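Biologist: I am new to this structure. Could you walk me through a few of its features?

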Amino acid sequence: MSKVLILSGGSQGIGYATAKRFLAEGYRVINLSRRAIDLVGAEHIGVDMQKRDWLDNCIHELEAIVKAADSVVLLHNAARHDGDTVRDLSAENFAEVLQVNLIAPQQLNSRLIPWMKAGSAILYMGSTLSEKAVAGCASYIASKHGVVGLMRATTQDLVGLGIHTACICPGFTDTAMLRGNLGDDPAVMAAITGMVSYGRLIDPAEIVETLYFCANNPVINGSVLHANLGQIER
């Protein structure tokens, strides 16, 4: 059986760990990102999802891969996370974040779904901030709320096709993106882990286990799954 994982943003963090796991499970892995994936066996297609026409140079290759596969897992993982507020977020910057986090996934959906067979899955990477908000990242929050809506629309629009979907919302995961946003201040790290019931960051491999389960279990179709070790509400 020919199984394919097509994921965006697989060159680091959760995306990289996911590519590694699915490769080990016998999937052909196709990574879409600006930076190449340093993983033997994984294939890379260089794209810049910040550009509206990013698909133009690779869509025929992707369509051919999907047509030939018995099942496809399409994972929308790439994301842009800016520091902004509703007081200073410009229309231009907002549009750029939405392009990466929300529009690019739908661009892929519209071109690949017609060729995806029953047994395939479309997984969306959400966030704790898909269903709540904090100050200082308005564009990211708005886009991640939108990802939940797009997933729910996917559930309704694909009824009867045998393609299931879910939105996985990681909590504070130990990735380069998180550490880049937090910096090296031990007090900041302590404050973050203090909001988690287990008192630690999530290992990317733990999110990968959730993704792999979702990819292979259509019973979760339409679900929003919070994989966050139990966050403490304040």
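Modeller: Start with the rings. In this predicted model, F22, Y27 and Y212 form one aromatic cluster.

Biologist: How many aromatic pairs are there?

Modeller: Rings pair when their centres lie within 6.5 Å. By this rule there are two aromatic pairs. One joins F22 and Y27, at 4.8 Å centre to centre and with 65 degrees between the planes, so this pair is edge-to-face. F22 also pairs with Y212, again edge-to-face: 5.2 Å centre to centre, 70 degrees between the planes.

Biologist: Where in the chain do F22 and Y212 sit?

Modeller: F22 lies in helix 1 (residues 13-24), and Y212 lies in helix 7 (residues 204-216). They are 190 residues apart, and the pair links distant parts of the chain.

Biologist: Are F22 and Y27 buried or exposed? What about F22 and Y212?

Modeller: Buried means under 20% relative accessible area. Both F22 and Y27 are buried. Both F22 and Y212 are buried too.

Biologist: Now the helices. What describes two packed helices?

Modeller: The angle between their axes and the distance between the axes. Take helix 3 (residues 91-112) and helix 4 (residues 138-157). Their axes come within 9 Å and cross at roughly 15 degrees. Angles under 35 degrees count as roughly parallel, and helix 3 and helix 4 are therefore roughly parallel to each other. The crossing of helix 3 with helix 4 is right-handed.

Biologist: Which residues in helix 3 and helix 4 meet?

Modeller: Helix 3 brings F94, V97, L98, N101, L102, P105, Q106 and N109. Helix 4 brings S139, Y140, A142, S143, G146, V147, L150 and T154. By class, this contact has nine nonpolar, seven polar and no charged residues.

Biologist: At what angle do the axes of helix 2 and helix 3 cross?

Modeller: At roughly 55 degrees, and the axes come within 10 Å. Helix 2 covers residues 59-68. Helix 2 and helix 3 are therefore oblique to each other. Their crossing is right-handed. In the contact, I59, L62, E63 and V66 of helix 2 meet L108, R111 and L112 of helix 3. The classes here are five nonpolar, no polar and two charged residues.

Biologist: Let us look at single residues. Why does T173 count as buried?

Modeller: The cut-off for buried is under 20% relative accessible area. T173 has 4% relative accessibility, so T173 counts as buried. Its place is in the loop between strand 6 (164-170) and helix 5 (176-182).

Biologist: Which residues does T173 touch?

Modeller: Leave out residues up to four places away in sequence, and T173 touches I14, L178, I202, D203, P204 and I207. I202 is 29 residues from T173 in sequence, but 4.4 Å away in space, C-alpha to C-alpha.

Biologist: Where is T165, and is T165 buried or exposed?

Modeller: T165 is in strand 6. T165 is buried, with a relative accessible area of 1%. T165 and T155 are ten residues apart in sequence and 6.3 Å apart in space, C-alpha to C-alpha. Beyond neighbours within four places in sequence, the contacts of T165 include I122, Y124, M151, T154, T155 and I220.

Conventions
Residues are numbered from 1 along each chain as its sequence is written. This is a predicted model: local features need pLDDT of at least 70, side-chain atom pairs count only at pLDDT 80 or more; totals for chains, interfaces and linings use all residues. Side-chain values use heavy atoms; hydrogens and water are left out. Axes are lines fitted to C-alpha atoms, for helices over the stretch in contact, and angles run from 0 to 180 degrees between N-to-C directions. Helices (H or I, at least four residues) and strands (E, at least two) are DSSP runs, numbered from the N terminus. Angles under 35 degrees count as roughly parallel, over 145 as roughly antiparallel, 65 to 115 as roughly perpendicular and the rest as oblique. A crossing is left-handed if the near helix is turned anticlockwise from the far one by less than a right angle, and right-handed if clockwise. Contact means heavy atoms within 4.5 Å. Ala, Val, Leu, Ile, Met, Phe, Trp, Tyr, Cys and Pro count as nonpolar, Asp, Glu, Lys and Arg as charged, and the others, Gly among them, as polar. Rings of Phe, Tyr and Trp (its six-membered ring) pair if their centres lie within 6.5 Å; planes under 30 degrees apart count as stacked, over 60 as edge-to-face and the rest as tilted. Buried means under 20% relative accessible area, exposed over 50%, partly exposed in between (1.4 Å probe, protein chains only).
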